Amino acid sequence: MAGVAHVIVDVRTRQLDRPFDYAIPPRWQGRLAPGHRVYVPFGRQYCQGYVLSIDETASGPAKTLKPILAVLDEIPLFTPELLQLHEFVRDRTLCTHLEALQSMIPGAYRAHSVRRYRAVPGDPPALLSAAAERLWQELAARPQAFEPLVRKFGPDAALLLELWLSSGHVEERVEAEDAVRAQVVTVLVPSADAQTLQAAAAARARRAKKQAVLLTALARDKEVRLREAGIRPSDPAVQALVEQGLAVLQQQEVYRAPVAAALREHQPKRELTPAQAAALRAILQAMAAAAGQGVVLHGVTGSGKTEVYLQAIEACLAEGGGAIALVPEIALTPQMVGRFTSRFGQRVAVLHSGLSAGERRDEWLRVRRGEARVVVGARSAIFAPVEQLRLVVVDEAHESSYKQEERPHYDAREIAGWRARHNHAAVVYGSATPSMELLHAAEQGKLTWVSMPFRIENRPMPAVTIVDMREALRQGSRGLFSEALIHGLEAAVEQGQQALLFLNRRGYAAFVLCRGCGESVQCPNCDISLTLHRHGGEEWLQCHYCEYRQAVPEVCERCGEPAVRPFGVGTQQVEHALHERWPHWRVLRMDVDTTRRKGAHREAVERVLNGEVDVLLGTQMIAKGLDFPNVSFVGVIAADTMLNLPDFRAAERTFSLLTQVIGRAGRAEIAGQTVIQTYRPDHYAIQAAARHDFAAFYQTEQAYRQAFQYPPYCELAVFFASHEQESYARGAAARFERELRRLVAAPDAVVLPAAPSGIRRAKGQYRFQVVVKYSQWNRVKNAFASSYAAVSERMRKLGGSCSLDVNALHI
DNA sequence: AGCACGCCGACT
DNA sequence: GTCGGCGTGCTC
């Protein structure tokens, strides 16, 4: 047989991480292409697979191959570009073929086998009971799956099926089926020309009004979607038209349209400021160069980056190209989506986790079919099958959410660069606080740096006051709010404007501590303190890692003293304090606890935009991607919460978050005021953010990174082992370290000793890690791959787990 | 991952 | 004497 397909089977194990060969059935020869999804027999079972490549010329095979049973999609899900990209992802993250492939397509594309049973035409078997009689009728009518039959007829159905299968009265067929399929509606379509239809409508206007209405609609619209019209397919009027040959019923696929239309702002194309125009020119130049160039767009908050993106994408479309715009999940708000849909309408597809599986499948399919040429989406949208890709925009490019924390550990920013190079397109990394990595790449001449240092319409940057909370404490102030913060809040609210209060910690208090012995209440499963929550008159302790909950102990569990007190402020406590002090203010709290419910986030944003809120209080979710024109005051309750984390990016994240929070103030006509409360007023991250002085921050931070050899002066990899038993977790990390040291050495890599992770135990699992610094991936990747292989298999058998995050963001 | 093949303890 | 425990090994 001629034609062999090399297929990756959908079985998640490293042992099967290689192509398997299958025979191409005659009717698919010449039509089956790389990227097609197929259904194949594998071992004693069936599974779906992905065609990597095809060998048309394969002559007489040494062994007889099993055949492909079915091709699951009309067009290959993977374009040639995506197949090539999957090799890059595999090489860069050391994941399997399957992991790389499946991260690129919607999860809805997963076929399961369904066995259906059908009565063989001819002599029926002896039907001994009424139930058997009915079962036989059912099987004769159409093929039936096992589960519904047993549900309907009881366990006897299984016995009868078995009997009839062996006697040959019933046959079994295995079919592949996706759990999420295309949505199908019944439509009535005309089978006569418009004139005939209108004449027929006129003739029926008196005696058959419903038929007349349908005929008129058919003449006008060429189709009637019955469900939308509230008419059943069995309606006599419909049946009559079909019988008279005027119309036929058809099943038609329809797209599930996500709610992108909501909050659609009809924003006209805006006149660009000189800085915006210069930025747009730089992007268009990079596109015209067709060399996969990258541009860093450093634009202060309120400088109008989105408008630049929109106009650059317009230029793509005008040239017949396509574009992808990546936005962090947290910023992918209806507001942001609305700006794209109002500008590009149906040419935009939206891809993010808020969509249902079916919506995501349909949006993706619109892209694959070339019907949508612009994609707006979160991280995984970087794999969208846009053809003629001319531009990739990565908005808020400093955001850590572009790195996938699960396997495969890819970084969408890096994939953006790959796709730009592959397509001879351009990539834009936009941010008010570009990362140290972007800065470093620009300094080395790998990226072009463009600045938009002013806000649109020359609005001023907010005035920032730093309040030293140590000083306030010395003066006897023990409240959450300093004088400056109180003045700012009151001034804003009294003038009918809005205020925003930021605190990066949810719950009521960070932890509870016994004043008798100094012991805090710990989570029994994790190595961290429990957080105090107070809501709706109730009070409890909660773990922010594993969701464990317990009551607050009356007395200390260690020393028995009734001296358990809350410490450290959370958003619930600030909300409480606001209510106490200003009972008539309308305060809205926004954090994970208040926005968990679907749609809650959007409702909250709408309430703020509608002016139903005086003070919006929240965690970092209020700092990003939202544009509230009536906010004139921003307060930061405690700038230090992020600064004290044991992470080499703590300063960068503080600087970035503060800059963004400050930037929420004064985005429209009103001037902005800002107060930052801190115990470390002299820290360079806080100082630089307050003075809007990016250069100063970068200079200091760069010196630290270089001195301690952290990114961007190297790359980090983190091997991670976790197990219920501490010794197994430690052992796996130690073995990985030993293995890797055997294979690489300085200067290619610096292997740090195996050590417990920041949180030694989480969800009942002990966690150990090995951190490696290296600068050239190609020189170390083989060593990583084999060291990992040496440990991971055994760890899994022991009931633990391992991971290897290459190019890791934090350790 | 499944599923079978294959060698040793407690039962009809 | 069997039924069944789960330790290796294979899947085009």
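Begin by selecting helices α10 and α11, whose crossing is right-handed (the near helix is turned clockwise from the far one by less than a right angle). Helices here are DSSP runs of H or I with at least four residues, strands are runs of E with at least two, and both are numbered from the N terminus. This is a predicted model, in which local features need pLDDT of at least 70, side-chain atom pairs count only at pLDDT 80 or more, and totals for chains, interfaces and linings use all residues. Residues are numbered from 1 along each chain as its sequence is written, chains are lettered from A and ligands numbered from 1 in the order in which they are written, and side-chain values use heavy atoms, leaving out hydrogens and water.

**The helix pair**

Helix α10 covers residues 274-289 and α11 residues 305-318; they pack at about 35°, with axes 10 Å apart (axes are lines fitted to C-alpha atoms, for helices over the stretch in contact, and angles run from 0 to 180 degrees between N-to-C directions). Display the residues in contact (heavy atoms within 4.5 Å): among them are Leu280 and Ile283 of α10 and Val308 and Ala312 of α11.

**The sheet**

Next, select the open sheet of seven strands, ordered β14-β15-β13-β16-β17-β12-β18 with parallel pairing (two strands pair if DSSP finds at least two bridges between them). At the edges are β14 (348-351) and β18 (448-452); each has a single partner strand, so one side of each is left without a neighbour in the sheet. From one strand to the next, the twist averages 15°.

Within the sheet, colour β12 (residues 294-299) and β17 (residues 426-431), which are joined in the parallel sense over five bridges. Val296 has Tyr429 of β17 as its bridge partner.

**The DNA strands**

Turn to DNA strand B and show the residues around it (those with a heavy atom within 4 Å), including Val11, Thr13 and Arg44. The side chain of Arg796 places an N or O atom 2.4 Å from a phosphate oxygen of DNA strand B, and that of Gln45 has one 3.0 Å from a sugar or linking oxygen.

Finally, select DNA strand C. Strand β2 gives the most to the surface near DNA strand C, with three residues.

Conventions. A polar contact is a pair of N or O atoms within 3.5 Å; within protein, one must be able to donate a hydrogen and the other to accept it, and residues adjacent in sequence count only if both atoms are side-chain atoms.
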